[in-house]
Amino acid sequence: VVVAEGGKVFVAGMTVNAGNSNVVNVSGADSLLDLGNGNVAIGKPGRAGNQLTINQGGAVDNIGTLLVCPNNSVTLSGGTLGVKNWSLTNQFTVGDGLQSAVLKGLGGTLAFKYGLTISSNAILSGSGGIQATTTVHGAVSPGGVQSIGALTNSGDFALTAGSLSRIELGADASDTLAVSGALTLGGTLKPVLLGVPPSAEA
């Protein structure tokens, strides 16, 4: 299945396990696969090589629960992945370091047993819980642009020297980032006042 060149597909959930080596590829600016808060399963026991790939500005959004069975995969090279609940037994990397990529939490729990890495030019955004040892080379932006949110990381959280922490401050509420493990501070903190034009931001 290919969603490309600005195409948009709206479905209430999806299963990619009819055999081995099936690929769902969402690629290109404005290309969208919207799951309508439905669940997504990539592979199943005994099946291998099934993939969900997001590249070159494509978006896969509004996933309720994402299940990725062993020997099957999700790759977010560039674009956006929005998911509420996901438990992965592997390490996961957001972005290829060159393209813009966004992992967006939708208020549930994202768990990565062997760690989560946010590459350069990638962003961790949205709301909810992260269960992982998380390393940010790109940016963390709770909620997102012009959207207040709260991210809670259960595990160590490292902001490297080249990272950016974008925190929006509103009259009634502000972004929050809570860490229950060891916190390593680095990079740049960018507070943003909501209601102030971007050209007037510090």
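Student: Why is K104 called partly exposed?

Tutor: Good place to begin! This is a predicted model, and in it K104 has a relative accessibility of 22%. Buried means under 20% and exposed means over 50%, with partly exposed in between. The value of 22% falls in between, so K104 counts as partly exposed.

Student: Where does K104 lie, and which residues is K104 in contact with, leaving aside its neighbours within four places in sequence?

Tutor: K104 lies in strand β12. Leaving aside the neighbours within four places in sequence, its contacts are D61, L81, G82, V83, S125 and G126.

Student: What makes D61 and K104 a salt bridge?

Tutor: Look at the charged ends of the two side chains. The closest N and O atoms of D61 and K104 are 2.8 Å apart. The cut-off is a Lys or Arg side-chain nitrogen within 4 Å of an Asp or Glu carboxyl oxygen. Because 2.8 Å is within that limit, the pair is a salt bridge. Side chains of opposite charge can pair when their charged atoms come close.

Student: Which parts of the chain does the pair of D61 and K104 tie together?

Tutor: D61 is in strand β8 (residues 58-68) and K104 is in strand β12 (residues 101-112), so the pair links parts that are 43 residues apart in sequence.

Student: How do you know whether D61 is buried or exposed?

Tutor: Its relative accessible area is 15%. Buried means under 20%, so D61 is buried.

Student: How many salt bridges does a search of the whole structure find?

Tutor: The search finds 2 salt bridges. One of them joins D61 and K104.

Student: What makes E168 and R166 a salt bridge?

Tutor: The N to O distance between the side chains of E168 and R166 is 2.6 Å. That is within 4 Å, so the pair meets the cut-off. E168 and R166 are both buried.

Student: What is noted about the phi of N62?

Tutor: N62 has a positive phi, about 60°, although N62 is not a glycine. The residue sits in strand β8. At 29% relative accessibility, N62 is between the 20% and 50% cut-offs, so N62 counts as partly exposed.

Student: Why is N71 called exposed?

Tutor: N71 has a relative accessibility of 63%. Exposed means over 50%, so N71 counts as exposed. N71 is in the loop between β8 and β9 (73-76). N71 also has a positive phi, about 75°, although N71 is not a glycine.

Student: How many helices and strands does the chain have?

Tutor: The chain has 0 helices and 22 strands.

Student: How do you know whether the radius of gyration agrees with that of a compact globule?

Tutor: Set the two values side by side. A compact globule of 202 residues would have a radius of gyration near 17 Å, and the chain has 17 Å, so the value agrees. Along its principal axes, the C-alpha trace spans about 50 × 35 × 30 Å.

Terms used. Residues are numbered from 1 along each chain as its sequence is written. This is a predicted model: local features need pLDDT of at least 70, side-chain atom pairs count only at pLDDT 80 or more; totals for chains, interfaces and linings use all residues. Side-chain values use heavy atoms; hydrogens and water are left out. Helices (H or I, at least four residues) and strands (E, at least two) are DSSP runs, numbered from the N terminus. Buried means under 20% relative accessible area, exposed over 50%, partly exposed in between (1.4 Å probe, protein chains only). The radius of gyration is taken over C-alpha atoms; the globule rule is 2.2 Å times the number of residues to the power 0.38. Contact means heavy atoms within 4.5 Å.
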